[in-house]
Amino acid sequence: MSKNITFTMIKPKAVENGDMGNIITKIIEGGFKIRAMKYTRLSEEEARQFYAVHKERPFYDSLTGFMSSGPIVAAVLEKDNAVQAYRDYIGATNPADAAEGSIRKLYGSSIEANAVHGSDSDENAIIESKFFFADRDWV
Ligand code: ADP
Ligand code: MG
């Protein structure tokens, strides 16, 4: 399997809780190489655009309000089979169902404030990475 990328965000609640450093350490320990990273904030309009695929879901307004409520960390991660490897590593969407030791189990507060985002396909990993990063930002 060749090297692939995935895209992640550390969500506002985890940043607010002071878990940003622990989560970045855990990502590195998991063998994910950081290709780009920034500390930033989404406007509500940007959050609605980023999560547009979920616009018919009942949690869309709440999710996009939450995701624009405070600073986040956005990052591009590289690993073999990165998308699936990272989804396995962060755990289930609901932290209550996430495996012991996973990022969402350790640092998630609720199904919405579940500590981190992880891309769901190689195609979306590229779209999401380009949403935040210019070619100049990749190392
Ligand atoms: P994942 O992030 O695991 O890929 P989804 O793509 O289904 O999950 O959902 C995107 C995000 O929307 C989740 O990470 C979570 O923050 C939020 N979310 C998902 N399901 C719910 C729900 N039932 N209630 C509130 N928020 C939810
Ligand atoms: Mg998803």
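Helices (H or I, at least four residues) and strands (E, at least two) are taken as DSSP runs and numbered from the N terminus. The structure is a predicted model, in which local features require pLDDT of at least 70 and side-chain atom pairs count only at pLDDT 80 or more, while totals for chains, interfaces and linings use all residues. Residues are numbered from 1 along each chain as its sequence is written, chains are lettered from A and ligands numbered from 1 in the order in which they are written, and side-chain values use heavy atoms, with hydrogens and water left out.

Lys 13 is placed in helix α1, which comprises residues 12-16. Its relative accessible area of 29% makes Lys 13 partly exposed, where buried means under 20% relative accessible area, exposed over 50%, and partly exposed in between (1.4 Å probe, protein chains only). Lys 13 and Ala 52 are separated by 39 residues in sequence and by 21 Å in space, C-alpha to C-alpha. The pair Ser 121 and Ala 82 is likewise 39 residues apart in sequence, with a C-alpha to C-alpha distance of 9.4 Å. Ser 121 belongs to the loop between β4 and α7 (122-132) and is partly exposed, at a relative accessible area of 22%. Met 67, in helix α4 (residues 60-67), is buried because its relative accessibility is 0%. Between the C-alpha atoms of Met 67 and Phe 50, which are 17 residues apart along the chain, the distance is 9.9 Å.

Ligand 1 is considered next. A residue is counted as near a molecule if one of its heavy atoms lies within 4 Å of it. The residues around ligand 1 are Lys 11, His 54, Arg 57, Phe 59, Leu 63, Arg 87, Thr 93, Arg 104, Ile 111, Glu 112 and Asn 114. This shell divides into five charged, three polar and three nonpolar residues; Ala, Val, Leu, Ile, Met, Phe, Trp, Tyr, Cys and Pro count as nonpolar, Asp, Glu, Lys and Arg as charged, and the others, Gly among them, as polar.

Polar contacts are pairs of N or O atoms within 3.5 Å; within protein, one must be able to donate a hydrogen and the other to accept it, and residues adjacent in sequence count only if both atoms are side-chain atoms. An N or O atom in the side chain of His 54 is 3.1 Å from an oxygen atom of ligand 1. For the side chain of Arg 87, the corresponding distance from an N or O atom to a ligand 1 oxygen is 3.0 Å. In Asn 114, a polar side-chain atom lies 2.9 Å from an oxygen atom of ligand 1. Of the 530 Å² that ligand 1 exposes when taken alone, the protein buries 79% (Shrake-Rupley method, 1.4 Å probe).

Asn 4 is located in strand β1 (residues 3-10) and counts as buried, because its relative accessibility is 15%. The side chain of Asn 4 reaches the backbone nitrogen of Asn 81 at 2.9 Å. Asn 81 lies in the loop between β3 (72-80) and α5 (82-90) and is partly exposed, with a relative accessible area of 37%. Although not a glycine, Asn 81 has a positive phi of about 55°. A positive phi, of about 75°, is also found at Ala 115, again not a glycine. Ala 115 occupies the loop between α6 (103-107) and β4 (116-118), and at 1% relative accessibility it counts as buried.
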